[in-house]
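Hello,

Here is the structure I said I would pass on. My notes on it follow below.

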Amino acid sequence: MVKVSKSKYITNPVYLRGVLMGAILAVGANAWLYALQGYQKRKEEEERSVKTIKQTLLNTADSTSEEKLERCSAILKYGIAEDGRMVRYYTNHALVYNQQMRIPVWVAEHLTKENLQGKSTRRFATFMPDPAVDEEFTAENSDYWKSGWSRGHMSPAGNNKINPAAMQDSFYLSNVVPQNYENNAGYWNRLEMYCRDLTKKYSNVYIISGPAMIPEEEEDGKKYVKYQVIGENEVAVPTHLFKVIIVEDKHGATKAVSAFVVPNKPIGFEHHLKEFEVDLPGLERVLGIKLVKNLDRDKVESLCKVDGCKLIGKKEFELYFIGRKLESANTRERVEKVWSELEEKKLKPDRYLKKLYQKKLEEFEERERAKGS
DNA sequence: CGGATTGATATG
DNA sequence: CATATCAATCCG
């Protein structure tokens with residue numbers, strides 16, 4: 001059956017014959033003959049002309065690449081349009097930047113036990129526009145202020161303690177995307193910790209991270225890509241974040257690879273990282289980026305299958321940053337307040353934390369004695 | 001570890 | 001005077 005309601009069938013010869021049959025009944029045999037002759041004539045003409053064009057192309061269109069280059073050089077007299085999607089190199093990471101969205105396309109890192117060491121901290125680094133990005137295409141801090149979104153590192157500060165230059169490079173907004181606060185400090189933070197932890201087991205950990213805009217089906221049943229933009233520069237808020245992790249043994253042999261796509265929203269402790277694992281080719285199709293080129297994929301197993309992809313647990317996580325807060329506390333009151341968090345959250349301090357607490361208290365007692373004397 | 005906010009000070 | 005900069009403080 002021919003569905004005339006669909007426009008694509010209008011030009012179908014079968015449909016055209018149907019129209020012609022209608023014409024016969026309507027206007028009689030003479031008219032039918034006339035119409036048929038006209039149709040056949042037009043059809044023959046069209047076939048002839050298509051054949052002619054094909055023949056012409058075959059005979060004349062095989063211009064050399066030099067000729068094409070010469071012609072296109074003329075066409076591009078006013079310059080070749082640039083989107084700034086070159087690879088940009090930094091002290092401890094590499095990335096491609098998206099000038100339209102004002103966020104990275106992808107950010108690549110290489111982690112080892114050794115290059116995770118160092119004393120550089122975020123205290124001496126500042127979020128700022130990347131001086132290597134054209135001013136007209138950069139994000140600014142003001143875009144993020146009061147936007148409801150935090151500035152989320154793709155190459156995290158915690159991976160760049162090796163020296164101050166690496167630390168500062170990671171604070172350029174070319175390495176930053178608008179990220180949900182809770183996601184950034186929570187789930188994504190734990191994923192980054194897991195990556196660092198992998199260096200204890202694997203000699204080399206290669207990571208590619210970045211934003212993803214995932215299409216979503218709306219009420220009309222059609223799919224759309226929808227994302228918020230923030231600030232004067234209209235920085236794009238990714239719907240998701242992706243991370244690809246490749247691990248190697250001490251011989252440089254690839255041991256496992258996994259790709260993850262995490263929604264840019266709060267994710268609780270009840271979600272296992274495996275829930276967000278996706279197949280790499282699928283991710284690459286969504287992104288339109290061949291993320292990993294030098295890898296024999298069929299021979300490499302899933303990281304989650306090999307290593308488990310277990311993130312740090314809730315209690316362990318909370319204890320960890322209570323320790324961090326305790327270390328940075330500079331008044332007795334602050335120490336006591338942080339310590340009281342343990343009771344509130346029903347956490348039991350480990351030996352390290354107890355020692356740290358005692359050490360801090362002694363520190364302040366000594367300071368007070370020094371003042372008094 | 002991941003972040004923001006505020007207030008004092010310096011600067012044009 | 002308005003806007004950078006930095007130190008201190010805070011939260012998950």
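**Domains and DNA surfaces**

In this predicted model, 32 Å separates the C-alpha centres of domain 2 and domain 3. Domain 2 covers 87–312 and domain 3 covers 315–372 of chain A, with domain 1 at 6–75.

Strand B. There are 20 residues around DNA strand B, and Arg122, Arg151, His153, Gly158 and Asn184 come nearest. By class, the residues of this surface are eight nonpolar, six polar and six charged. The elements that each supply at least two of its residues are β4 (150–153), α6 (181–185), α7 (187–198) and α10 (314–328). Sugar or phosphate accounts for 80% of the atoms of DNA strand B within 4 Å of the protein. The side chain of Asn189 has an N or O atom 2.9 Å from a base oxygen of DNA strand B.

Around DNA strand C are Ala185, Asn189, Phe321, Lys325, Asn330, Arg334 and Lys337. Two of these residues are nonpolar, two polar and three charged. Both α10 and α11 (332–344) supply at least two residues here. Of the atoms of DNA strand C within 4 Å of the protein, 42% are in sugar or phosphate and the rest in bases. The side chain of Lys337 places an N or O atom 3.2 Å from a phosphate oxygen of DNA strand C.

Regards

Note on methods. Residues numbered from 1 in each chain as written. Chains lettered and ligands numbered in written order. Predicted model: local features only at pLDDT ≥ 70, side-chain atom pairs only at ≥ 80, totals over all residues. Heavy atoms only, no water. Near = heavy atom within 4 Å. Polar contact = N/O pair within 3.5 Å; in protein donor to acceptor, adjacent residues only side chain to side chain. Helix = DSSP H or I, 4+ residues; strand = E, 2+ residues; numbered from the N terminus. Nonpolar A, V, L, I, M, F, W, Y, C, P; charged D, E, K, R; others polar. Domains from an automatic or database assignment.
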